[in-house]
Structures are given as structure tokens and as C-alpha cells.
Amino acid sequence: MTERIKSDKKKVWPGLQTALEREEVLLAPYAMYSRDSAGRKYQEQEHPYRGPFQRDRDRVIHSAAYRRLSDKTQVFTGEMGDYHRTRLTHTMEVASIARTIGRALRLNEDLIEALALLHDIGHPPFGHAGEDALDECLADFGGFSHNQYALCLVEELEERYHQFPGLNLSQEVLDGQESRVDKTKVGTGRLLEAQVVDVADSVTYDSHDTDDAVQLGLVPLDALMETSLVREAERRVTDRCGQLSGDLLRKSVVHELIDWQVSEVLAASGTSLDRRSFTSAREASASDYRIGPGPELAEQKAELEAFLYEQVYHHPELVRVRRVAQKQLRQMFVGYGHRPELLPSRFYARIGQTGQERSVGDYLAGMTDRYCQQQYQRFFSG
Ligand code: MG
């Protein structure tokens, strides 16, 4: 049973501003207010000074799956250097940029942060390569999607509370993640807070993949200047700072890429949001209004993404690492299938409920890159 949050808890001490009071002061009418939340699956006492979405954020941060992001591949693997983003630092950058956009638009930052910290929590080891391998292994059993697996983690697999399985997150957080599962639904009926996280994700990876690829020497910055987004960012940097070179130029261009994209998104989205005068979050999410880059920036982003896809994500060095990782995962999937007694007891016990293949897949998906390699060496490399 879900229960709406009717009112603030009694104040624990005089002068304390509660989360709901803060929202009344800070949020725009089209933001998602905690007081309008559909609540949690398992009813809980409200916290005296932390709002429900703030608690969701904290629950994600304290989860094991979130910590494991520190050793999960974003794009580049550990052996390639020590500069590039991990899945965790990517997630933190997304949360930071999403909060910047959300605060400027007077949206619910706590909800945005919870959604941002959650958005990649379901990634298996070795990034999209790992996801493709697991999807292939589970093809006859419903496939594998990191967005779906994120829901499995926070609704079932995370064990933190004696009263219920999972993290018992607010319905709006679960809905936001759910709408990422089916890409055809992305953009339809989504809260503005969830839309902000998608935009921030894209701003983030376009910028940091450019940074990482150049720093790791996979592609020179000059080659990236073929794309109008990077070329324009470089021109802006040079106009402002004069002729820079080397690391300083790269870092300044990346900074400009983020700042410019966020400013463009705010200019494109903020003005039209103001014109629409939505009076509630539901009205805004049910409309055809979308937060995102304007058409020109969207085209430039697509050009950069096509470049990164060709020149970076399919760089021979990454393809090699990816093949090794996928082969290991496939061998482990088959190996645990033959010897399910090697599974931790909770995954072994889940076989009756989910089927052996899904339980093995869920176990593998939860692993960090390093743990996955260790388990491979330990049981299956011979
Ligand atoms: Mg992401």
C-alpha cells in the first residue's frame, strides 16, 4: 500500500525548517513536491527533517551497488590509465550537472539527485560490453538491461532493512528509473526532474569522453575539432583566454563544453518553461514540453557522438579489451550454470524463484570489474 505524505512531521526543535517547508519556498509550481509523492511500497514513518527524496538519495548512496560503481568501467578500463572516469565518477558528475540545471529551473533537487545517483547503478562489469554479453547469454530468458537490473537491485537484491527487501524508494524515483527501461517511453509522461537527469547524462558523457579519449591518447584534440561542438568550444576558449595548448587547452575545452551545453539547455528550456506557466508537476509531465538542448545544439551533439562512436568507442584497443571481457563473462555464465553450488547462497537460493540463468546473470551483473576477473581466474580460467 502506498500512502501519500499528508503533512510535515511535528518539528523536532523550534526554528528547524523541514524539507516540506523548504520546498514551499524554493520550488516552482511545476516541480515535484514531496507532499504530492505517491509514497513508498512499504509504509514508513516520515523523517523529522529529511524529506522523502533526500532519504531516497541517502539510501542509494549507502547501497552496496552504488559503492561498486567505483570499480566498474564507464568507457575505459583500469589498465588504460588512472585519469579517466569510472562509472562512479561519471555518476557524480551527472548528479552535479543535473542539480545545477534543476536548481536554475527551480525543480526538486533532492529528487534529481536521487534519480541521478541511481541512473547507472544497474551497470554490469565492463560497461556496455558487459551488458551486451549478458544480454546475449540471457537472450532466451528475457535478455539483460542495466536499467531493468537497477530496479531489481533497489527493489529486491539490496539488503539493508529488516522490514522489507530492497531500499523501499519513493514511487517517483522508481517511475523515473522505470521510464528509462523502455526507451520508446523516454520523454513521455516523465517528471521534469527525470528529464533533467537524461540531459545531464548526455552533457556529461559527451564532455568527459572527449576529455578521457584525448588524455589517454586514443584520439588527438585536433581530430575532435572536426566536430563543430569541439571546434566552437575551442574558439570560445581562445577568444577568452588566448592561445592555450596541451593539457590546459584540453581541460579548458572540456570545461567550456559543459558550461556551454548547460547554458544552452537552460536558455532553450527555461524560456519556454516560463511561457507554458504549468501549475503542477503532473501538468508539465503530461504535456509535450521537454527539457533538452535546442535543435542546433542537438545536431552538434549528435555529430560529436557519431565521432566518438567511430573513433573512440570502436578504437582497436577498446575493442580488444571488450572482447576479452565478453569472453570471460560468457564462460562464467556457462560455468556457474554447470556448477551453481559456486554461487553465493542467496543467489543459489534464488534459482527456484527466478530460474538458474537469471540468478547467475544477476550475480554476474552485480560484480565489479576486478571481482569479476578474480572469480574468473579462480574458477574458470583453466
Ligand atoms: Mg550515465
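Histidine 90 and histidine 119 are both buried; buried means under 20% relative accessible area, exposed over 50%, and partly exposed in between, with a 1.4 Å probe and protein chains only. His90 and His119 each give an NE2 atom to the magnesium ion. The model is predicted: local features need pLDDT of at least 70, side-chain atom pairs count only at pLDDT 80 or more, and totals for chains, interfaces and linings use all residues. Residues are numbered from 1 along each chain as its sequence is written, and side-chain values use heavy atoms, with hydrogens and water left out.

**Metal site**

- The magnesium ion is coordinated by His90 (NE2), His119 (NE2), Asp120 (OD) and Asp201 (OD), at 2.2 to 2.4 Å.
- Donors here are N, O and S atoms within 2.8 Å of the metal (3.2 Å for Na, K and Ca); water is not among the atoms, so sites may look incomplete.
- Along the chain, the spacing of the donors is H-x28-H-D-x80-D.
- The histidine pair links distant parts of the chain, 29 residues apart. Histidine 90 sits in helix α4 (residues 87-104), and histidine 119 in the loop between α5 (109-118) and α6 (127-137).
- Helices (H or I, at least four residues) and strands (E, at least two) are DSSP runs, numbered from the N terminus.

**Helix packing**

- Two packed helices are described by the angle between their axes and the distance between the axes.
- Axes are lines fitted to C-alpha atoms, for helices over the stretch in contact, and angles run from 0 to 180 degrees between N-to-C directions.
- Angles under 35 degrees count as roughly parallel, over 145 as roughly antiparallel, 65 to 115 as roughly perpendicular, and the rest as oblique.
- A crossing is left-handed if the near helix is turned anticlockwise from the far one by less than a right angle, and right-handed if clockwise.
- The axes of α4 and helix α9 (residues 192-215) come within 8 Å and cross at roughly 125 degrees. That makes α4 oblique to α9. Their crossing is right-handed.
- Contact means heavy atoms within 4.5 Å. On the α4 side, the residues that meet α9 include His90, Glu93 and Val94. On the α9 side, Asp201, Thr204 and His208 are among them.
- α4 also packs with α12, at an angle of about 30 degrees and with the axes 11 Å apart. The two helices are therefore roughly parallel to each other. α4 passes α12 in a right-handed crossing.
- Here Ile97, Thr100, Ile101 and Ala104 in α4 meet Ile258, Val262 and Leu266 in α12.
- Helix α2 (residues 52-61) and α5 have axes that come within 8 Å and cross at roughly 25 degrees. α2 is thus roughly parallel to α5. The crossing of α2 past α5 is left-handed.
- Residues in this contact include Phe53, Arg57 and Ile61 of α2, and Asp110, Leu111 and Leu118 of α5.

**Nonpolar cores**

- A nonpolar core is a set of buried Ala, Val, Leu, Ile, Met, Phe, Trp, Tyr and Cys residues joined through side-chain atoms within 4.5 Å.
- The largest core has 77 residues. Leu107, Ile291, Tyr336 and Leu364 touch the most other members.
- Another core lies apart from it, with 28 residues, among them Met80, Leu216, Val219 and Leu229.
- Beyond its neighbours within four places in sequence, tyrosine 336 is in contact with residues including Leu342, Val360, Leu364, Gln375 and Phe380.

**Loop residues**

- Most residues other than glycine have a negative phi.
- Phenylalanine 126 has a positive phi of about 65 degrees although it is not a glycine. Phenylalanine 126 lies in the loop between α5 and α6. Its relative accessibility is 7%, so it counts as buried.
- Serine 277 also has a positive phi, near 50 degrees. The place of serine 277 is the loop between α12 (246-276) and α13 (281-286).
- Asparagine 168 is in the loop between α7 (146-157) and α8 (171-181). Asparagine 168 is buried, with a relative accessible area of 6%.
- Not counting residues up to four places away in sequence, asparagine 168 touches Arg40, Lys41, Tyr42, Glu44, Arg59 and Val154.

**Accessible positions and spans**

- Alanine 286 lies in helix α13 and counts as exposed at 67% relative accessibility.
- The C-alpha atoms of alanine 286 and glutamine 375 are separated by 47 Å, and the two residues are 89 apart along the chain.
- Cysteine 241 is in helix α11 (residues 228-241). At 41% relative accessibility, cysteine 241 counts as partly exposed.
- The C-alpha atoms of cysteine 241 and histidine 162 are separated by 57 Å, with the residues 79 apart along the chain.
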